[in-house]
Amino acid sequence: MTPELGQFALALALVVALLQAVVPLLGAHRDDARLMAFGDAAAQAQLALIGTAFLTLMRAHVVSDFSVENVVENSHTLKPLLYKITGVWGSHEGSMLLWVLILALFGGALGTVAKGTDPMLRARTLAVQGQISTAFLAFILFAANPFTRIFPPPLEGNDLNPILQDPGLAFHPPLLYLGYVGFSLVFAFAAAGLLAGRIDEAWARAVRPWALAAWSALTLGIALGSWWAYYELGWGGFWFWDPVENASLMPWLAGTALVHSIAVLAKRGALAVWTALLAIFAFALSLIGTFLVRSGVLTSVHAFASDPTRGLFILGIIALALLGAFTLFALRARSLPPGRGFEPVSREGFLLFNNLLLAAITATVFVGTLYPLGLEAFTGDKISVGAPYFTRTFLPIAVLLLVLVPLGAAASWKRSDARDILVSLGPAIGLALAGAALLAAFGPAHTAAAIAGFAMGGWLIGASALELWRRARGFSGGMGASLGRLGAVPLATYGMLIAHAGLGVVALGITGVGTGRLEAIDALAPRGTLALGGATLTLEDVVSVNGPNYQATRGIVMLARPGEAPQTLHPERRFFPSQKRMTTEAAIRTGPGGDTYVVLGEAQAGKAGEPVRYALRAYRNPLAPWIWLGAAIMTLGGLLSLAERFAAVRRARSATAEPLAAKS
Amino acid sequence: MTRRQRLTRRFLLVLGGLVFLSGAVALVLGALKSNIVYFYGPSDLAAGAAATSHRLRLGGLVAAGSVVRSPGEAVAFDVTDGKAHVPVHYKGVLPDLFREGQGVVAEGRLGTDGVFQADTILAKHDERYMPRDVADALKKAGQWRPETSTPAPAGQGGS
């Protein structure tokens, strides 16, 4: 497997993508089943070819083939195997290759497992996917080729940026891309639906699993990225409103709106035009996310492997995609069947409001993220929009949204009575208020914000639990009977309730960190102590340790909290000689109540005769792990809703199979 | 539902949408107005371009030999673009990539005494890339050496 094999496979994939972009469209136009079926085969071929190219690059990284420039720039013989593999997407070129691989994965999956969807819709969708694939493959081959050779090959590589050498970050880009690229498939579905003038219940049912898969992956990907920033950057925070972080949040917000509007479309046949528009926006924001991260146009602390000229290429792809999509939208949106009107107090009414709020939040984040870019282009003034902007605009709308979530989930389709909803949610309202009151009276952080935040979390979790209890009709008829009734609840309902409860857990975690955080900092000589709330940290000693490709200064810190056995923490400062740089490894002690987070700072030489002092910084982050736990629960909810689709297919199959079996 | 009722409902919907939209816009504008942080290079500050009342960002290079650490995590250093120097005071742990001769962005307020009181110091995760604002400030001061991506030491510049 020489690198040229990968190059060749990519070139072939480009040819296949070009064909895939045209032939199935022609087939759908002429209603020719054979031409339409070509899309499936082409999608599978693309997956095989791009998979080959990806494996070729991975092999070059694993065996440290330093005749390949990409390996020289990003690898090192001493790097652990895991990071040799994940280093494949640590570079710009490699990450774009991963992008198209996932694109091919979605295309291949659509061409293989989704035989149940309307062939004409599938053919057109795959054609649009082929167009996207063509653009990105051309980009890789002509502007970001990972297989470029270098001569003479150096003996050693430059190594991967050490803060990327981390298990949390190893899987962050693939998950994020699964989300971004998943929305490309939804976008392709929308374009195909617009072409056919058919975006209806059947369309929504075909798109739903893909949108849910993309949303779930993106949720988990963002959570992993935030978790990584939390423990790796040593600042003790989980979200910085940095442009690169916002770049992934915007598609998530639009995608969340999309998942909900698809539900309305599937159930009630309404919001067709809006759903198409959201699908276009979700993908556009995904592309903008890729562009922001890869171009370096915004000053971000997270900008890796950025290159302005390549940014221009991605900008071109965005412009083309948007131009095409909006032209199509303008031409065809009128041909879509007019939506049914609906009652304001109903599930769909609440979901419409949910969409409005999510769109507003997306817009405020968009303005805050891109305003500096626009202003500089027009006036030359350089500005940055600080985190307070985002908390001031994001929080009020998000709070309104969180208040409405359980109401919407409790409302029934078509028509609901406002009083019925409030009465059925009475216990959840009571629970939230009682919890807030208890906290106000006895809690450690009785600020208004803390109480409101905890009440919100309790409201979301309580309402989900209540709904399950209602479905089980309590324990009437015994435990078995109520379990039986719970078994009959559709998976999609479980998915929704669990995702909403997960959102509540996230709200609790963010409130905990946001309102109850403690911080302490001091320069300590060995045996010196630092007080953090009720806890005491003692810097026992500082020692040197050698890692596989780094040297570390390790602090031995004793953490003593009242009522608990003392624990030892090991914060480190690591020096990577191959790249001549330092990283900070925070030591984090996690418990259900929160994290104790300790960072070792630089050594400070004292006066003659005095011992060397080390800066020690510590945080107490109450409920911090709940943020990521909640995001994981939300992901689980998304996946359960997705599983409903497969359960439905199986039910349909067994329903058709049984009469046949009876006949024979 | 009569035609009149339908029209009333539509009117209310549009009205509600407008109220919501203007609320959101007001929220954004209000928040933007008070949370925009302007970026300056050392020469801009030396020329008196910035007000002392607003938060701002200062970008440039950490001047060689200027970093002074005192106990309790207080750090003093100069930010330079080769033409002007601005003294900066900061209390806290510096980012891993903070080093003399490297690009840095400090956020805080400019005191009336000309000392920049920083509360946040930003350095990138990746030192191969200089903060773009810093690169631009250096270009403006004529101190940019793209081939090495590190500018000439102070005193030799002014091309």
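Q: Why is H17(A) called roughly antiparallel to H19(A) in this predicted model?
A: H17(A) and helix H19 (residues 491–516) of chain A pack at an angle of about 165 degrees, with their axes 8 Å apart. Axes are lines fitted to C-alpha atoms, for helices over the stretch in contact, and angles run from 0 to 180 degrees between N-to-C directions. Angles under 35 degrees count as roughly parallel, over 145 as roughly antiparallel, 65 to 115 as roughly perpendicular and the rest as oblique; therefore H17(A) is roughly antiparallel to H19(A). The helices themselves are DSSP runs (H or I, at least four residues), numbered from the N terminus.

Q: Which hand does the crossing of H17(A) and H19(A) have, left or right?
A: H17(A) passes H19(A) in a left-handed crossing. That term applies if the near helix is turned anticlockwise from the far one by less than a right angle, and right-handed applies if clockwise.

Q: What makes up the contact of H17(A) with H19(A), by class?
A: The contact has 13 nonpolar, eight polar and one charged residues. Ala, Val, Leu, Ile, Met, Phe, Trp, Tyr, Cys and Pro count as nonpolar, Asp, Glu, Lys and Arg as charged, and the others, Gly among them, as polar.

Q: Why is H17(A) described as roughly perpendicular to H18(A)?
A: Helix H17 (residues 448–472) of chain A packs against helix H18 (residues 478–487) of chain A at about 115 degrees, with the axes 8 Å apart. This angle makes H17(A) roughly perpendicular to H18(A). Their crossing is right-handed.

Q: Which residues make the contact between H17(A) and H18(A)?
A: A:Leu468, A:Arg471 and A:Ala472 of H17(A) meet A:Ser482, A:Arg485 and A:Leu486 of H18(A). Two residues are in contact if their C-beta atoms, placed from the backbone, lie within 7 Å.

Q: How is it known whether A:Val244 is buried or exposed?
A: A:Val244, in helix H10 (residues 243–268) of chain A, has 23 other C-beta atoms within 10 Å. A residue is buried if 20 or more lie within 10 Å of its own C-beta, exposed if 12 or fewer, and partly exposed in between; A:Val244 is therefore buried.

Q: What links domain 1 of chain A to domain 3 of chain A?
A: Eight residues of domain 1 are in contact with nine residues of domain 3. The domain 1 side has three nonpolar, three polar and two charged residues.

Q: How are residues and chains labelled, and what limits apply to the model?
A: Residues are numbered from 1 along each chain as its sequence is written, while chains are lettered from A and ligands numbered from 1 in the order in which they are written. In this predicted model, local features need pLDDT of at least 70 and side-chain atom pairs count only at pLDDT 80 or more, whereas totals for chains, interfaces and linings use all residues.

Terms used
Helices (H or I, at least four residues) and strands (E, at least two) are DSSP runs, numbered from the N terminus.
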